[in-house]
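Welcome! Take a moment to look over the sequence and the model, and then let us walk through a few of its features together.

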Amino acid sequence: MFPPGAGPAADPAGDRHERTIRSFQPRRSRVTAAQRDALLRLWPRWGLEIDGDGPLDPAALFGGLPVVLEIGFGMGEATAEMAAADQGTGILAADVHTPGQGNLLRLAERASLTNVRVANGDAVILLREMLPPASLAGVRVFFPDPWPKTRHHKRRLVQPEFVELAALAMAPGAVLHCATDWEPYADWMRQVLDASPSFRNAAPDGPDGFAPRPRERPLTRFERQGLTKGHPVRDLLYRRLGGPGDGRA
Ligand SMILES: C[S@@+](CC[C@H](N)C(=O)[O-])C[C@H]1O[C@@H](n2cnc3c(N)ncnc32)[C@H](O)[C@@H]1O
């Protein structure tokens, strides 16, 4: 798809690291000419391979800014919008979707953003193998694949193992923000997060005990599709415990 050594790698971590949560199907989707151009030009500067090899200092990527990890940014429109609205935060945006990576690079260039890095590969490997403890000021998971069939539930990203990996990489007080339009997944996320010793629900005062929709979260592409089908959208905001006075680790 790209000349040797150019653009994002097809499978940066290869089989060197165990994949315990298979939340995506490995595939290479077709990129448009504009996305390809953005990947060829901008990947060397703003791209990052999730190869699982060695630790990564996320703050160093952004000149010391606090860093929020967004997992599964899709086409990246919401990511670029949030990065533009808060340029004092570095956005480490991870996905495996090559067209989306090209699109996000294009959007970031068009808006002259310097606070977005595009990470290629499995965010579980990024969390488990590369991010130091307490190095993130937040984690965002917007409209992850719901894997609705019962036999596929183990492929859902948000599950106890993932939540504890995220907790390790998050600083005390950092917020894990999840959103979904799939009601059973919303309930599942709540159960998993409520059972975690590492988090506390920071905003249980929205509909049915979920969070009120945060104003700073733009409408995402998948959310729009869910809304046209009449799906209710749920936000969950959970704070990483471990700060003074929390009483829990
Ligand atoms: C349903 S889409 C949602 C995209 C976007 N957040 C939105 O709301 O429009 C889920 C995205 O998560 C990505 N994804 C799934 N598992 C992932 C993982 N383990 N690491 C990185 N990205 C992942 C998929 O490639 C896909 O782009």
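## Annotated sites and their surroundings

In the unreviewed UniProt entry, the annotation "binding site" covers Glu70, Asp95, Asp122 and Asp145. They span 76 residues in sequence, yet no two of their C-alpha atoms are more than 14.3 Å apart, so they gather at one spot. Please keep in mind that this is a predicted model.

Let us look at two of these positions. Asp122 sits in the loop between S4 and H5. Because Asp122 has 27 C-beta neighbours inside 10 Å, this residue counts as buried. If we leave aside neighbours within four places in sequence, Asp122 is in contact with Ala13, Arg19, Ile50 and Val96. Asp145 lies in the loop between strand S5 (136–142) and H6. With 17 C-beta neighbours inside 10 Å, Asp145 counts as partly exposed. Its contacts, again leaving aside neighbours within four places in sequence, are Ser23 and Phe24.

A further "binding site" annotation from the unreviewed UniProt entry covers Lys149, Asp181, Thr220, Arg221, Phe222 and Glu223. These span 75 residues in sequence, and the farthest two C-alpha atoms are 23.5 Å apart, so they do not all gather at one spot.

Where is Asp181 placed? It is in the loop between strand S6 (170–180) and helix H7 (183–195). Not counting residues up to four places away in sequence, Asp181 touches Phe143, Glu223, Gly226, His231 and Val233. Arg221, for its part, belongs to helix H8 (residues 221–228). With residues up to four places away in sequence not counted, Arg221 touches Gly74, Met75 and Glu77.

| Residue | C-beta neighbours inside 10 Å | Class |
|---|---|---|
| Asp122 | 27 C-beta neighbours | buried |
| Asp145 | 17 C-beta neighbours | partly exposed |
| Asp181 | 21 C-beta neighbours | buried |
| Arg221 | 16 C-beta neighbours | partly exposed |

## Around the ligand

How many residues surround the ligand? There are 23, and the closest are Gly72, Gly74, Ala123, Phe143 and Thr220. The elements giving two or more residues to this shell are S3, H5 and H8. H8 gives the most, with three residues. By class, the shell has twelve nonpolar, six polar and five charged residues.

S3 is mostly covered, with six of its six residues buried. Gly90, Leu92 and Ala94 point one way from the strand, while Ile91, Ala93 and Asp95 point the other way.

S3 has partners in S2 and S4. Five bridges join S2 to S3, and these two strands run parallel. Ile71 has Ala94 in S3 as its bridge partner. Five bridges also join S3 to S4, again running parallel. There, the bridge partner of Ala93 is Val118 in S4. From S3 the chain crosses through helix H4 (residues 98–110) to S4, and this β-α-β crossover is right-handed. S2, helix H3 (residues 77–85) and S3 make a right-handed β-α-β unit too.

Helix H5 (residues 123–130) is also mostly covered, as seven of its eight residues are buried. These are Ala123, Val124, Ile125, Leu126, Leu127, Glu129 and Met130. The buried residues of H5 pack against strand S2 (67–71), strand S3 (90–95), strand S4 (116–120) and helix H6 (160–169).

How values were computed
Residues numbered from 1 in each chain as written. Predicted model: local features only at pLDDT ≥ 70, side-chain atom pairs only at ≥ 80, totals over all residues. UniProt positions renumbered as here; feature names shortened; annotations may be inferred. Helix = DSSP H or I, 4+ residues; strand = E, 2+ residues; numbered from the N terminus. Buried ≥ 20, exposed ≤ 12 C-beta atoms within 10 Å, placed from the backbone. Contact = placed C-beta atoms within 7 Å. Near = placed C-beta within 6 Å. Nonpolar A, V, L, I, M, F, W, Y, C, P; charged D, E, K, R; others polar. Pairing = 2+ DSSP bridges. Right-handed = clockwise from strand over helix to strand, strands pointing away.
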